[in-house]
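Here is a short report on a predicted model. Look at the sequence and the structure first, then read on.

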Amino acid sequence: MSAVAALREVDVAEDASRDEVRAFLASQEQKSLLRFLTCGSVDDGKSTLIGRLLYDTKLIFEDQLATLENDSKKHGTTGSDLDFALLVDGLEAEREQGITIDVAYRFFTTPKRKFIVADTPGHEQYTRNMATGASTADLAVVLVDARQGLLTQTRRHSFIASLLGIRHIVLAVNKIDLVGYSEEVFGQIAADYRAFAGDLGFATITPIPISARYGDNVIARSDRMAWYAGPSLLEHLEDIDLGQGSAQKPFRFPIQYVNRPNLDFRGFAGTIASGSISQGDAVVVAKSGKPSRIKRIIGPRGDLTRAVEGQAVTLLLEDEVEASRGNALVAPSARPHVADQFAANLVWFAEQPLLPGRSYILRTETDQSTATITDLKHRVNVNSFAQEAAKSLALNEVGVVNISTQAPIGFDSFVENRATGAFILIDRITNATVAAGMIQHPLRRAENIHWQALDVSKSSRAALKGQEPAVLWFTGLSGSGKSTVANLVEKKLNAEGRHTYVLDGDNVRHGLNRDLGFTDQDRVENIRRVAEVAKLMADAGLLVLVSFISPFTAERRMARELMGEGEFVEIFVDTPFEECARRDPKGLYAKALRGEIKNFTGVDSPYEAPEHADIHLQPFGRSPEDLAIEVEDWLRERGYC
Amino acid sequence: MPSTLTHLDRLEAEAIHIFREVAATFSKPVMLYSIGKDSAVLLHLALKAFAPAKLPFPLLHVDTGWKFREMIAFRDRMAAQHGFDLLVHQNPEGVRDNINPFDHGSNTHTHIMKTVALRQALDKYGFDAAFGGARRDEEKSRAKERIFSFRDAKHGWDPKNQRPEMWNIFNTRVAPGESIRVFPLSNWTELDIWQYILQEDIPIVPLYFADRRPVVERDGQMIMVDDARMPLLPGEVPQQKLVRFRTLGCYPLTAAIESDAETTEDIVREMLVARTSERQGRLIDRDETGSMEKKKREGYF
């Protein structure tokens, strides 16, 4: 086939001179790069398609071909033919199970373009790996099995691709050979897809009928589908115009690293996220609004007069302005938002569900802050795009949320700027990446509600009482003796003339938290509210005793961080489960063990024991009075009473 | 300055960004330096990322004791020229037991002198991030790896449970004892590497260029007799042949190819007409299918 032969242009002649080699390399440099991914449902032929592309563009070496022949005999699913999927399914588990688990990146070049292709998994459970591949792609090839038509995963992947900012879709209707190269089947699937994807904001949707296994319409147009007048897949990938890049957008330079080898040199290192910058241009520091001008631009090969989107440079300013990692240098006339509350789309990646109220680490390209989801506005049904009410997001679910960060961050909306509108959420205990986020807009309340300054301060209120305010946080299983000990400690403090208050789990649930149940989401909210109340009380100068099971490390840490330095004392009442169940003062363990109460801590809901409690009480064989004295001694030694 | 960047410009910028990201977010990074062409490119990019400052991390060479002599000489020349902090680690137990590729086989030798030695060195210094020069186009399991690739406290890689890696926002958080392997050249191909070496005039070990060298032929592969430790089989006589190396590792485990390529341009021409992949000369990859993945799970780079 002539089209295949033409691809040999990527080679040079065996007797080419050194100058000819240099000329060839220079011509390679003129080519543009297209990053795309293949996605769609399981067994729609994604890996086979990429294997076919690599094979037909002569990018498989002889030793790799020998390995492929070997593997095809051992694991192949295509009878005596080569199983091209085995070229990309690189993990042992993948070859054994014949599925794709994680994204594989492959590289190929044609006379017109360079390509990086991400082959992504079709199984729903590996959606986060599909998202990983999509996040750096400009185009998605969505495969559909001609016999099956659109499936849930076709919709899910298309939706996620659109959320992640992909603007161009190729709808590859694969296995067209198995439906007799039918124009009608192809036309129906293409129409179904356009009807469904109309709202997803794609700039182009290009349906192409292909057979990845036999190569029809992959590299060259097939003569088995005379009715099809469009381009082959590769022709389309070579020719598609991706439109304007980020070079025309306002200047954004997230500061990644401050390079200060000596007192005379203070450079801000980073990658230009959008726009361009020239020597002498005015810039402002995003968060402070402090202005300056560009004195020098240092690129990889020395000083530059101008630099553009995508370049990693070091910028020197005319003035000594305060700025560090996490901040940004931006165009004065078109500044980013700076806010601590915003609305965002979220794709959830973790087995553990999203819990509104729990604190996570939010990271943008260079900035980081703790953050909580203050409101889960709705979950999006990936089949119908209906907005559904939800209390949490499970693995692979998509939702719209309000987020509050501890410190303001600088950002643009994701639709306007993919580089400065994106973030990830990280679990604070496991450090797992649990979500990808795309910012919609800042929330106006963040900008308009300012702290009311009050003249009487926490310290003046505490001074009047002659005490150091603190929150004594008792945690432990139900029936461990938390409330008994807290009650005794309060009596002692009260007798010494201290101003105290006990917040007890059961009591608070009768009032402030009467709307909350015992699911993980509600437990998180339960603790968040109590921690906020305890904080107000400490602010009023009180010694606050909190007696809550508070089973999760993350929320106890959140409570600790709400309080001032040294104001939070974690007291772990470490009574073993068997002992609590034996005591069972309220008869709850008996019910829970019979299955009559759901989500009971220690039975079917976890208790995460503190590892570094300030006071670790081991009540077994000791009287509550004895334990209260231990707490009191600890407090006295540290000047709390 | 043209307003569109070339393909190499973008790869270069991406690598520099990754270097800076690590320096800004980890407390004790290190760069693995294996002396080959990919390490040469890696070093060149690192120097650019932090200029005019010096490298904010040391370089670590895990020495198996069986590297080509020219590699060691080149390494020391580079260290002297650029003034970077060079750490060299050998597995002391392996040295004591005289582990070598001839008596113990490539598998055992590689495991003890490379994988275990690397784990020892990382533990000894407490590094929490380690740069490597691996590329996704080299091998099937590498094609699956993240740019920031998480390792547990035992240096294990869990390929079935990698962290998502979105946009260029990297999750650089690790608990004590855990670490991240970082691959700034992930998206480079072999051609990109050579093109960049040519463009930037980056010095590389002379073994990449053709010269007359003493070799013996074993199992269809040409092995260079680099020193007297190589036991010759009965009737084997080293022949002087015009050869060069596409990749460099331990000399008894890295096969030469016959070639007259004397310049980088010659190498590129040879590579473009080649019908075998570069790792074909690496005997250690071929012990079994999936052997690279297995080694990586055990802590190999």
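Is R461(A) buried, partly exposed or exposed? At 24% relative accessibility, R461(A) counts as partly exposed. Buried means under 20% relative accessible area, exposed over 50%, and partly exposed in between (1.4 Å probe, protein chains only).

This is a predicted model: local features need pLDDT of at least 70, side-chain atom pairs count only at pLDDT 80 or more, and totals for chains, interfaces and linings use all residues. Residues are numbered from 1 along each chain as its sequence is written, chains are lettered from A and ligands numbered from 1 in the order in which they are written, and side-chain values use heavy atoms, with hydrogens and water left out.

## Salt bridges

R461(A) forms a salt bridge with D539(A) (3.1 Å, N to O). A salt bridge here is a side-chain nitrogen of Lys or Arg within 4 Å of a carboxyl oxygen of Asp or Glu. R461(A) sits in helix 12 (residues 458–465) of chain A and D539(A) in helix 15 (residues 520–539) of chain A, so the pair ties together parts that are 78 residues apart in sequence. Helices (H or I, at least four residues) and strands (E, at least two) are DSSP runs, numbered from the N terminus. D539(A) is partly exposed too, with a relative accessible area of 30%. Elsewhere, R301(A), D9(B), E12(B), K48(B) and E200(B) are joined into one network by salt bridges that share partners.

Over all chains, the whole structure holds 60 salt bridges. Some of them are listed here.

| Pair | N to O distance |
|---|---|
| R22(A) and E265(B) | 2.7 Å |
| E21(B) and R325(A) | 2.7 Å |
| R363(A) and E21(B) | 2.7 Å |
| R461(A) and D539(A) | 3.1 Å |

R22(A) lies in helix 2 of chain A and E265(B) in helix 7 (residues 264–273) of chain B, so this pair joins two chains. R22(A) is partly exposed at 43% relative accessible area. E265(B) is buried at 10%.

E21(B) bridges to R325(A). This pair also crosses between chains, from helix 1 (residues 7–25) of chain B to the loop between strand 15 (312–317) and strand 16 (328–330) of chain A. E21(B) is buried, with a relative accessible area of 0%. R325(A) is partly exposed at 24%.

## The interface

How many salt bridges does the rule find across the interface of chain A and chain B? It finds eleven. Helix 2 (residues 18–29) of chain A gives the most to the side of chain A that touches chain B, with seven residues. That side of chain A divides into 42 nonpolar, 22 polar and 26 charged residues. Ala, Val, Leu, Ile, Met, Phe, Trp, Tyr, Cys and Pro count as nonpolar, Asp, Glu, Lys and Arg as charged, and the others, Gly among them, as polar.

The contact (heavy atoms within 4.5 Å) takes 90 residues from chain A and 76 residues from chain B. The size of an interface is often given as the accessible area lost when the parts come together. Chain A and chain B bury about 7,200 Å² between them, 53% of it on carbon and sulfur atoms. Buried area is the accessible area (1.4 Å probe) that two parts lose on being put together, summed over both.

## Annotated sites

UniProt (unreviewed entry) gives a "binding site" annotation to G476(A), L477(A), S478(A), G479(A), S480(A), G481(A), K482(A) and S483(A). UniProt positions are given in the numbering used here, feature names are shortened, and annotations may be inferred rather than shown by experiment.

S480(A) lies in the loop between strand 24 (470–475) and helix 13 (482–495) of chain A. S480(A) is buried, at 2% relative accessible area. Not counting residues up to four places away in sequence, S480(A) touches V573(A), T575(A), C580(A), R583(A) and P619(A).

G481(A) lies in the loop between strand 24 and helix 13 of chain A. G481(A) counts as buried at 19% relative accessibility. Not counting residues up to four places away in sequence, G481(A) touches V573(A) and R583(A).

In chain B, UniProt (unreviewed entry) places "domain: Phosphoadenosine phosphosulphate reductase" at residues 29–255. The span is 30% helix and 19% strand, and its end C-alpha atoms lie 33 Å apart.
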